[in-house]
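Please look over the structure shown here before reading on. The report then takes up its salt bridges, its nonpolar cores and a patch on its surface.

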Amino acid sequence: TDIGRDRVEALFDAEAPTGVTLSGREVLAPTVTLREATEAVSQALAALWLYHRDQQYLVADDKVQIIDESTGRAMPDRAWERGLHQAIEAKEGLAISGDRVTLARITYQRFFRRYLRLAGMTGTATEVAAEIGRVYRLPVWRVPLNRPSRARQQPLRCLPGQAAKWDAVVESVRHEALEQGRPVLVGTRTVQASEVLSARLAAAGIAHVVLNAKQDRAEAEVVARAGAPATVTVATNMAGRGTDIELGEGVVERGGLHVIVTEFHESPRVDRQLLGRAARQGDPGSGEIIVALDDELFVVHSPGPVRWLSTLLTGHGRVGRAALATLRWWTQTAAAARNRSLRSVSVEHDRRLAALLAFSGRGE
């Protein structure tokens with residue numbers, strides 16, 4: 001804020017102070033410029049309030065490891081730049097690592113456009129076909145299914161709060177796994193959410209396995225057992241990516257794998273990928289989405305509609321299907337537009353930088 005900037009500027013106007021200390025560490029030396037100090041304060045505020053443990057990062061082996069929000073996997077070989085990583089380490093009370101120096105940089109879009117032959121395959125390209133065509137100049141072709149789909153989609157449910165949502169998820173798991181004998185895969189957005197649900201299931205006496213960035217070493221073993229009868233797996237988006245969950249004996253007759261999505265993602269592509277873990281290669285399977293009005297995605301991208309819907313809840317405490325569908329479309333459209341804009345800005349900045357430095361001829 002302007003008040004915060006004024007306070008930082010005041011440090012440079014004072015003659016007496018030789019530095020500012022935080023938790024015993026000197027973070028602002030007399031040689032630091034005003035611009036560097038302002039950026040350091042901004043990064044510190046971001047570390048405190050915008051980056052949360054077990055959501056954007058986890059702590060393992062006394063190190064901060066970034067979590068890929070798309071896959072749910074930890075990325076130990078990556079670090080945030082411009083002091084943010086070190087600020088989070090200080091926040092967690094860890095040893096401060098050395099700042100990494102960027103020697104070269106390139107966007108994914110520009111990197112892949114350097115290939116003479118470029119193609120790709122995904123199960124969820126139709127939503128971003130326009131962007132693929134604009135950025136990579138590639139058309140999107142839809143390949144017919146190998147076998148007819150036997151997937152069944154249950155009606156969407158939206159509850160007023162987190163407690164009601166987790167109660168509904170636990171009840172659905174109890175019905176599908178314990179009563180029907182089907183394997184159940186419950187998908188969560190964050191490590192923290194997977195641990196909250198795990199505690200709920202444990203309290204209900206439901207045996208289950210948790211798979212997130214903290215247990216990624218056991219991923220292959222967990223996924224191999226995820227299709228067994230009455231098996232419950234709580235996982236972030238990492239579970240089953242790039243492989244089919246093989247159904248155990250008698251599971252086909254019971255209806256196949258059941259997938260529960262507990263929170264919408266910023267991109268509907270990720271929702272479809274998670275639901276697509278079930279009913280693979282012609283197998284039977286079903287999917288279910290159970291969300292809450294106070295989910296982070298709704299609160300961040302649609303605070304106004306959420307407040308309005310909270311006053312219109314039906315008597316049994318659920319949001320109507322039409323209202324939920326509209327809220328989902330509004331929220332994910334807003335999130336997708338924001339992310340698309342960020343990617344476009346990044347590509348344009350990279351293009352301008354390349355043009356300024358292109359003294360060896362025209363690039364791609």
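## Salt bridges

A salt bridge is counted here when a side-chain nitrogen of Lys or Arg lies within 4 Å of a carboxyl oxygen of Asp or Glu. By this rule the structure, which is a predicted model, holds 14 salt bridges.

One of them joins the side chains of Arg343 and Glu131, with 2.7 Å from N to O. Because Arg343 belongs to helix 13 and Glu131 to helix 5 (residues 129-136), this pair ties together parts that are 212 residues apart in sequence. Arg343 is partly exposed, at 33% relative accessible area, whereas Glu131 is buried, at 12%.

Other pairs lie within a single helix. Glu171 and Arg174 have their closest N and O atoms 3.7 Å apart, and these residues, three apart in helix 6 (residues 162-179), are separated by about one helical turn. Arg225 and Glu221 meet at 2.8 Å, N to O, and their spacing of four residues in helix 8 is likewise about one helical turn.

## Nonpolar cores

The largest nonpolar core has 28 residues, and those with the most contacts inside it are Leu257, Val259, Phe264, Val291 and Leu293. Among the elements that give two or more residues to this core are strand 11 (257-261), strand 12 (284-292) and helix 13 (321-357). A second, separate core of 18 residues includes Val169, Val184, Val210 and Val234.

## A surface patch

On the surface, Val41, Leu45, Leu48, Trp49 and Leu50 form a nonpolar patch with about 550 Å² of accessible area together. Trp49 is placed in helix 2 (residues 34-49) and is exposed, with a relative accessible area of 63%.

Conventions
Residues numbered from 1 in each chain as written. Predicted model: local features only at pLDDT ≥ 70, side-chain atom pairs only at ≥ 80, totals over all residues. Heavy atoms only, no water. Patch = residues over 30% accessible without salt bridge, like charges linked within 9 Å, V, L, I, M, F, W, Y side chains within 5 Å. Areas by Shrake-Rupley, 256 points an atom, 1.4 Å probe, with all protein chains shown as cover. Buried < 20%, exposed > 50% of the residue type's maximum accessible area, 1.4 Å probe, protein only. Core = buried A, V, L, I, M, F, W, Y, C linked by side-chain atoms within 4.5 Å.
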